[in-house]
Amino acid sequence: MHASLAIWIMQAFNGLSTFSVLLLMALGLAIIFGQMGVINMAHGEFLTIGAYTTYLLSHASEKWAPWLSKWYFLVAVVVAFSLAGFVGLLVEHLLIRRLYRRPLDTLLATWGLSLIMQQTFRSAFGAREVSATLPDWLMGSLKPTPAIDIPINGLFVMGLTMGLTALVFVLLFRTRIGVDVRATMQNRAMAGAAGINTGRIDRFTFAFGCGLAGIAGAAFTTIGSTGPTSGSLYIVDTFLVVVFGGAQSLLGTIASAFTIAQTQATTEFFMTGSMAKVLTLSAVILILMARPQGLFTLQLRR
Amino acid sequence: MPTPHPSAQRANALRHLTTRLVTDLRGRENTYFLILAVLLLVAFPLFMDVFRLNLVGKYLTYAFVSLGLVLCWGYGGILSLGQGVFFGLGGYCMAMFLKLEASDPVSTSIQSTPGIPDFMDWNQLKALPLFWAPFRSFGFTLIAIAVVPAVLAALLGIPMFRRRVGGVYFAIITQAVASILAILIVGQQGYTGGINGITDLKTLHGWDIRTDSAKRILYYVNALLLLGGVGVGFSILRSKLGRLLVALRDREERVLFTGYDVASIKTFVFVLAAIYSAVGGAMFTLQVGFMSPSFVGIVPSIEMVIAAAVGGRGSLFGAIYGTLLVNFGKTYFSESFPELWLFVIGALFIAVVMLFPDGLAGIDLRGAILRLVLRVRGGRRPMAASAAPPAKGELSAEPAGSSGAGAVGT
């Protein structure tokens, strides 16, 4: 009886852990794709930027600033956000800006961008996967009872996800700039007429979404290693999470990440990982066929 | 007697010009078709050794996918990022037949269960799975190559097109399907051969497909099928259906309100594109001698899209040349400068979208000359130049303007 409870708790934790990973990835995309409607196939590569930044900083701090090595990770989160955001700004200016009216073409162009970024990573860091050195406080696990084992890095990612989600909500729904962003995305002409600089809002929103991907990348270094194509592995899942949730609803993204993660974690208990994934994704697609607007929809007057 | 109003005069002249251009273009298409036929059936076999010819044959199997994409994406406006699924299904159907023939009880006598494919034996399967059994028949296999992908495409297409899911959502969902099928094939090793795919294919009804002469014959079969595919494509585009396709790509609501069943038209063209891809896949298996999940997933599917885009999403001929060019490029770069290939293909993706939305076929010298002539003739009437079909300067900003074939549709 006791053992089965422990298994149940561990299973629940696995599900929550997958959930926070999915949500972390999907947050940036929920803004870029969900709010702006831009298909950024290179989103995974922005994640990789964050991951490599963390890797570089971890080694730099080991070498030159050992006093920092305990807390370098917090610095890395900020740097990853800024760097990914800055690259996002450039990409928006050079590429995305010209393609807002051609979503399918944006998809192709950003896929090309993702290939270029992948090869850049490979040339710079090599094809082999690298890992950042984890500070002590992220290692080990909590053991409330001998049968239960909860890794701290998983807990950390969970906490970070919750914090970021809260931040996004506050930013979108409680600040002036959030109002401007939502106004621009819901009715561009009217927002422009009301004096909002919509071009600037686009740039800011895209860069912010990319920055979030950068933070997700930094967080991923605590649970896995980083390779040139790490980011692209997640891109399809991430898009499905956002579409499944209902593209314009942030709440929907959270609900959909939760549903998909729990389904995945539960089915994984009964079959191989690949079959669990096939089953989960197929279920998502079947539901999307019946209900294309996703779980949650935003009521909008067009 | 009143003289016709100047605007009527102008319209008359314009109609005259348009008619002449359309008949002209039809003639041009025939010439292009002849050039392609000579290139594929005479020039390539004459100037290439069997190895190179086989390679071209392999590229031409991708051209089937591109043809389907031109119809479905270029004309219908439906971008599928899952064409690898159909290519793979066609290829796997053929591979299953060939594998069963290669695994007769005599040559597999060292296995613990003779008579089943080797990878099944390695995965401790004791009997042939049920869904493999019908593939002992060649007739069934040929039917399955077309029907299996067609049914899947219809199952995917009908509910989505009925609910008017299109554009980006359709693209993402088809991409997810590609991802699922690749994971499924890799995961179910015992039934599918896993990541290695189905290999060691030998004979087709006792005819050894690995010999040079067989490769030559298969190349010709492939080329003829492809030319047939081009012919079918053109006959569809010239028909009313072709015009409806263009119409619903550009103004779906209007076609819908005119009373046409948009969902059925879209499903038809998506299914057609799936069958094209599947035929390509089956020919791939025959010519290359194996099939694996590496032709099914996300990456190959999107590479097929870029090949079509480079050639010109609005041109059946362009798609074939684009596919040849992209794949030659891929082979050349991965042999000589492997680290550069991703940069090149990435830049291609961006350049095609930003600079040449019509691809190779969009680089249209004759159109430019005609435009110039019209401008000189029309004098101070830029209207005339922009209304004539071949002057597609302003069309090129559209997602899928086409050069020759678009004008035929008018």
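## A helix pair in chain A

The crossing of α10(A) and α11(A) is right-handed, a crossing being called left-handed if the near helix is turned anticlockwise from the far one by less than a right angle, and right-handed if clockwise. Helix α10 of chain A covers residues 250-270 and packs against α11(A) at an angle of about 145°, with the two axes 8 Å apart; axes here are lines fitted to C-alpha atoms, for helices over the stretch in contact, and angles run from 0 to 180 degrees between N-to-C directions. Helices (H or I, at least four residues) and strands (E, at least two) are DSSP runs, numbered from the N terminus.

On the α10(A) side the contact is made by I260(A), T263(A), Q264(A), T267(A) and E268(A), and on the α11(A) side by G273(A), A276(A), K277(A), L279(A), T280(A), A283(A) and V284(A), where two residues are in contact if their C-beta atoms, placed from the backbone, lie within 7 Å. These residues divide into 5 nonpolar, 5 polar and 2 charged, with Ala, Val, Leu, Ile, Met, Phe, Trp, Tyr, Cys and Pro counted as nonpolar, Asp, Glu, Lys and Arg as charged, and the others, Gly among them, as polar.

## Basis of the model

This is a predicted model, in which local features need pLDDT of at least 70 and side-chain atom pairs count only at pLDDT 80 or more, while totals for chains, interfaces and linings use all residues. Residues are numbered from 1 along each chain as its sequence is written, and chains are lettered from A and ligands numbered from 1 in the order in which they are written.

## The two chains

Chain A has 11 helices and 2 strands, which follow one another along the sequence in the pattern α-α-α-α-β-β-α-α-α-α-α-α-α. The radius of gyration of chain A is 20 Å, close to the 19 Å that the globule rule gives for 302 residues, so chain A is as compact as a globular protein of that length; the radius is taken over C-alpha atoms, and the rule is 2.2 Å times the number of residues to the power 0.38. Along its principal axes the C-alpha trace of chain A spans about 65 × 50 × 35 Å.

In chain B the secondary structure comes to 18 helices and 2 strands. Of the 302 residues of chain A, 48% count as buried, and of the 410 residues of chain B, 46% do; a residue is buried if 20 or more other C-beta atoms lie within 10 Å of its own, exposed if 12 or fewer, and partly exposed in between, with C-beta atoms placed from the backbone. Among contacts in chain A between residues at least 6 apart in sequence, 78% join residues at least 24 apart, and in chain B residues 24 or more positions apart account for 78% of the contacts with a separation of 6 or more.

## Interface and core

The contact between the chains takes 33 residues from chain A and 37 residues from chain B. On the side of chain A that touches chain B, the elements giving two or more residues are α4, α9 (235-245) and α11 (273-290) of chain A, and the largest share, 14 residues, comes from α4(A). The residues of this side divide into 22 nonpolar, 7 polar and 4 charged.

The largest nonpolar core has 190 residues, and those with the most contacts inside it are L22(A), A26(A), L108(A), L69(B), I306(B) and F349(B); such a core is a set of buried Ala, Val, Leu, Ile, Met, Phe, Trp, Tyr and Cys residues joined through C-beta atoms within 7 Å. Helix α11 (residues 262-288) of chain B gives the most to this core, with 17 residues. Leaving aside neighbours within four places in sequence, L69(B) is in contact with G74(B), Q83(B), A273(B), M304(B), V305(B), A308(B) and A319(B).

## Individual residues

In chain A, L295(A) lies in the segment after α11 and counts as partly exposed, with 18 C-beta neighbours inside 10 Å. Its C-alpha atom is separated by 4.9 Å from that of G245(A), 50 residues apart along the chain. Residues up to four places away in sequence not being counted, L295(A) touches F244(A), G245(A), G246(A), G252(A), A255(A) and S256(A).

D136(A) is found in the loop between α4 (103-125) and β1 (141-142) of chain A, and is exposed, with 8 other C-beta atoms within 10 Å.

In chain B, Q124(B) is placed in the loop between α4 (118-122) and α5 (138-162); phi of Q124(B) is near 60°, a positive value in a residue other than glycine. D200(B), in the loop between α7 (189-192) and β1 (203-204) of chain B, has a positive phi of about 55° although it is not a glycine. Q124(B) is exposed, with 9 other C-beta atoms within 10 Å, whereas D200(B) is partly exposed, with 14.
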